[in-house]
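Hi,

Here is the structure I promised to pass on.

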Amino acid sequence: MASLELGSVSIRSYAFDIVTREIHDRLIPLLHKNSNTVLDLQDVLRRFAFDNICRFSFGLDPGCLELDMPMSEFAVAFDLSSKLSAERAICVSPLIWKVKRLLNIGSEKELRGAIKMVNLLADEVIKQRRKLGFSSNQDLLSRFMGTVNDDTYLRDIVISFVLAGRDTVAAALTSFFWLLSNHKEIESRILEESNRVMGTDQELKPSYEQTREMPYLQACLYESMRLYPPVQFDSKFALGDDVFPDGTFIRKGTRVTYHPYAMGRMEQVWGSDCLEYKPERWLQKGLFSPESLFKYPVFQGGVRVCLGKEMALVEMKNVALSLIRRFKIIATDESLKKPKFAPGLTATVNGGFPVMVSKR
Ligand code: HEM
């Protein structure tokens with residue numbers, strides 16, 4: 001059902017309009033207001049992505065990117081739940097968190113509280129949407145409400161969309177801007193390409209079609225996610241006994257983890273220059289040339305491939321063009337030559353990404 005919705009032209013243009021408004025009404029004014037001061041770009045991009053995904057998923061605006069950057073209860077509870085869930089994976093033994101959960105103590109008590117808060121707020125969103133009426137609204141929740149009556153199911157859809165679409169996009173954009181701050185020649189080529197397609201007036205907004213006419217920018221985004229995939233690793237559990245293509249036997253219940261971060265840095269997979277940021281590897285005769293999703297599982301592959309992939313790419317291109325054409329973004333922390341990531345479901349740079357933004 002979700003794949004049908006996300007593939008439709010109307011939802012894509014709805015999403016594009018939301019992102020364009022958030023960029024021009026909030027992101028650009030916020031960067032102008034904070035120009036020439038140090039700003040955590042990772043925090044800004046997380047707020048930006050949260051506003052977008054909430055407006056897209058259930059038509060309500062948390063306003064996290066308003067000029068005074070208010071805290072949202074929903075975002076805070078969300079962050080805490082994802083952080084504590086991810087920390088389960090780094091426990092010496094799963095037994096530890098399972099016992100804590102049973103006794104309702106420590107981090108598991110905190111996690112239970114945070115999940116309760118997320119569920120309460122999501123329930124409230126559904127109630128409000130019912131009260132305000134949903135039939136003429138375009139957000140995802142309203143679309144689903146026409147066919148689904150079970151509120152718990154609706155709540156789970158809403159939460160999984162926020163989870164899937166917020167941190168991933170923010171993480172991808174953070175590492176993209178970090179790479180560009182170290183590769184000014186690549187940024188200049190993006191500018192050249194955008195001037196060719198859109199013209200040189202900085203104030204022009206890219207159209208949906210124009211974002212699809214820039215193979216170099218697309219290559220830059222794919223290449224940055226090869227080195228810094230937003231979902232660094234992901235696990236599945238075998239539903240039944242199985243055998244891998246190389247003959248490895250997998251017993252029912254086995255946890256199998258694939259690791260896009262490691263795969264993106266393997267010489268056997270990407271060649272001897274695998275650690276270099278080289279968008280050209282995605283281009284053939286000037287056209288974007290995709291790789292198999294099994295070589296590049298950044299959006300996963302197969303039947304459970306990311307449903308928001310195209311939407312995410314268009315959102316990222318829209319942000320990239322709008323910022324690169326207007327601002328110079330300089331990293332201010334030398335220690336970020338090698339970013340360190342915090343444990344989490346998606347890649348988050350420890351200590352954020354401090355930058356100085358100035359008008360181009
Ligand atoms: C750069 C951005 C993104 C990346 C790297 C990404 C990556 C992924 C990955 C790796 C999965 C598989 C997760 C798993 O099965 O454990 C996934 C699933 C999913 N993604 Fe994304 N995602 C991104 C953006 C988005 C956005 C913006 C949306 C929605 C608007 C979205 C919606 C979904 C959904 C609904 C699924 C579940 C698909 C299913 O289970 O059938 N994603 N994504």
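Asp167 counts as buried because its relative accessibility is 9%, where buried means under 20% relative accessible area, exposed over 50%, and partly exposed in between (1.4 Å probe, protein chains only). You'll find Asp167 in helix 9; helices here are DSSP runs (H or I, at least four residues), as are strands (E, at least two), numbered from the N terminus. The side chain of Asp167 has a polar contact of 3.1 Å with that of Arg166. By polar contact I mean a pair of N or O atoms within 3.5 Å; within protein, one must be able to donate a hydrogen and the other to accept it, and residues adjacent in sequence count only if both atoms are side-chain atoms.

Before you read on: this is a predicted model, so local features need pLDDT of at least 70 and side-chain atom pairs count only at pLDDT 80 or more, while totals for chains, interfaces and linings use all residues. Residues are numbered from 1 along each chain as its sequence is written, and side-chain values use heavy atoms, with hydrogens and water left out.

Now the ligand. There are 24 residues around it, and the closest are Asp234, Lys236, Gln300, Arg304 and Cys306; a residue counts as near if one of its heavy atoms lies within 4 Å. Asp234 has a polar side-chain atom 2.7 Å from an oxygen atom of the ligand. For Lys236, the distance from a polar side-chain atom to a ligand oxygen is 2.7 Å, and for Gln300 it is 3.2 Å. What is the shell made of, by residue type? It divides into 17 nonpolar, four polar and three charged residues.

On to salt bridges, meaning a side-chain nitrogen of Lys or Arg within 4 Å of a carboxyl oxygen of Asp or Glu. The count comes to 27. One of them pairs Asp51 with Arg26 (3.1 Å, N to O). That pair links distant parts of the chain, with Asp51 in helix 3 and Arg26 in helix 2 (residues 9–33), 25 residues apart. Both Asp51 and Arg26 are buried. They also belong to a network of salt bridges with Glu22, Arg55, Asp61 and Glu66.

Glu87 and Lys83 make another salt bridge, with their closest N and O atoms 3.5 Å apart. These two are about one helical turn apart because they sit four residues from each other in helix 4 (residues 73–89). Glu87 is partly exposed at 27% relative accessible area, and Lys83 is partly exposed at 40%.

Asp273 and Lys278 form a salt bridge too (2.7 Å, N to O). Here Asp273 is buried, at 18%, whereas Lys278 is partly exposed, at 30%.

Last item: the surface. Leu95, Val99, Leu102, Leu103 and Ile105 make a nonpolar surface patch of about 530 Å². Patches are made of residues with over 30% relative accessible area and no salt bridge, joining like charges within 9 Å and nonpolar side chains (Val, Leu, Ile, Met, Phe, Trp, Tyr) within 5 Å. Areas come from the Shrake-Rupley method with a 1.4 Å probe, and for residues only the protein chains shown count as cover. Leu103 belongs to helix 5 (residues 94–103) and is exposed, with 53% relative accessible area.

Cheers

Conventions
Nonpolar A, V, L, I, M, F, W, Y, C, P; charged D, E, K, R; others polar.
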